[in-house]
Amino acid sequence: MVPKVLGPSWALTAHPAPLPAVIRVICDDYDLDFNSFYAWTGLWNSFFLALYAFLNLSLVMSLFRRSTEEIIALFISITFLLDAVKGMVKIFWKYYYGHHYYTKRTSSLVSLLGISTSLNTSLHTTLNTSFLASPTELAMTGSPSGTHSGRATAVLSLLIMLGTLWLGYTLYQFKKSPYLHQCVRETLSDCALPIAVLTFSLISSYGFQEIEMSKFRYNPSENLFEMAKMHSLSLRAISSTMGLGFLLSLLFFIEQNLVAALVNAPENRLVKGTAYHWDLLLLAIINTGLSLFGLPWIHAAYPHSPLHVRALALVEERVENGHIYETIVNVKETRLTSLGASVLVGLSLLLLPFPLQWIPKPVLYGLFLYIALTSLDGNQLFSRVALLLKEQTSYPPTHYIRRVPQRKIHYFTGLQVLQLLLLCAFGMSSLPYMKMIFPLIMIAMIPIRYNLLPRIIEAKYLDAMDAEHRP
């Protein structure tokens with residue numbers, strides 16, 4: 001959410017988060033109704049978020065320094081990257097190496113997958129609680145023709161994913177090109193992602209119709225707006241949802257305010273005032289309704305909200321000591337773009353099952369890679385990791401390069417990487433119950449920054465590297 005006049009800017013994206021996977025595992029282990037358990041967890045989450053808003057607990061986020069925020073932001077970027085890689089590996093494992101599902105051609109339902117393991121997942125993905133496999137896909141039995149077709153599917157999927165990434169990022173950088181008019185360049189740059197998705201969806205669906213692609217299939221027999229049966233759970237089960245709802249609220253609270261802090265960074269030069277606590281309250285109200293109908297929860301998403309600000313910004317390039325810097329001059333602060341995006345997300349339900357089901361999954365993986373790549377812009381941690389591969393004479397003249405010894409910079413970078421690995425160990429763990437304490441690990445980074453790091457690096461150097469980036 002963009003908490004200034006820009007916001008709220010919510011995005012239903014494939015943003016990984018652990019607790020929905022835990023909910024699925026708990027329901028399977030204890031034979032509980034998933035929709036009811038999910039609804040109660042969401043209601044408790046909304047209750048705690050509203051409580052945080054009334055108590056003005058967003059002020060606690062001042063304890064998160066810039067370095068901590070960028071660790072979490074880089075973790076999110078890594079999850080996007082890994083999701084794309086894992087998805088493509090599954091496609092190759094299934095099609096290229098011939099590990100297909102064997103079932104009767106008359107069977108349309110392959111398996112019930114339930115809700116995705118992503119918290120801030122796309123509405124399209126989450127509502128498709130089951131994949132309907134086409135007869136062509138199910139009929140492959142390892143014959144020469146089937147093997148050839150499967151390998152063609154795998155290779156084409158890889159090309160579609162990389163093509164989506166290439167076109168999206170090329171158009172994203174097109175504003176730096178000397179070609180066409182400035183307004184055209186900025187429009188192509190701002191609309192790079194939808195252009196890339198639509199282009200390669202058309203190429204895949206109509207240019208290679210003879211090649212079977214891995215696509216999302218919508219099950220029209222299920223009602224999208226069926227209210228959960230709240231009374232089906234026992235008091236003991238409802239009590240357990242309160243614990244999960246509390247952990248979920250911590251995750252929402254941290255990421256919501258984290259994205260707000262990144263959006264409101266001084267270099268973005270936003271003018272209108274903030275409303276952190278009202279944003280939390282609005283989030284609680286909206287997620288209450290979504291929980292009752294089993295729809296995906298929403299909150300501020302990184303890097304979508306910062307990219308939204310970037311799309312509305314007037315950016316200038318400046319050169320200092322041979323290095324090119326992009327500086328935001330001003331931002332057209334408006335709620336209309338956010339409102340329009342939210343309305344379009346709602347209207348996308350009218351496109352089910354056609355034509356949304358014809359968007360191949362490799363296009364989605366290319367979208368993940370695009371988001372991961374563009375989110376690295378301006379991430380100071382990533383920039384300092386890159387310094388390890390550069391000569392000292394080629395270091396950019398940033399504020400911390402001028403004020404902090406090189407050895408201290410590398411120490412600080414190494415400690416941040418260790419914290420990042422700690423987040424990845426819990427947030428990407430294959431053990432669902434281990435993911436339950438992921439929000440607590442994020443909170444534990446506060447005492448690490450204030451109590452542990454000053455014992456290794458002098459406080460004055462830590463404050464210099466935690467300061468806002470200014471050339």
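C424 counts as buried, at 15% relative accessibility; buried means under 20% relative accessible area, exposed over 50%, and partly exposed in between, with a 1.4 Å probe and protein chains only. C183 is partly exposed, with a relative accessible area of 49%. The structure holds zero disulfides, a disulfide being a pair of cysteine sulfur atoms within 2.5 Å.

Some bookkeeping. This is a predicted model, where local features need pLDDT of at least 70 and side-chain atom pairs count only at pLDDT 80 or more, while totals for chains, interfaces and linings use all residues. Residues are numbered from 1 along each chain as its sequence is written, and side-chain values use heavy atoms, leaving out hydrogens and water.

Next, helix α8, residues 192-207. Helices are DSSP runs of H or I, at least four residues, numbered from the N terminus. At 1.5 Å a residue, the 16 residues of α8 should span 22 Å, and its end C-alpha atoms are 21 Å apart, which agrees; the expected span is 1.5 Å times one less than the number of residues.

Which residues of α8 are buried? They are A192, A196, V197, F200, S201, S204 and S205. Seen down the axis of α8, these fall within an arc of 165 degrees, so they line one face of the helix; the arc is that of the directions from the helix axis to the C-beta atoms. On the other side of α8, L198, L202 and Y206 are exposed.

Definitions and conventions. Helices (H or I, at least four residues) and strands (E, at least two) are DSSP runs, numbered from the N terminus.
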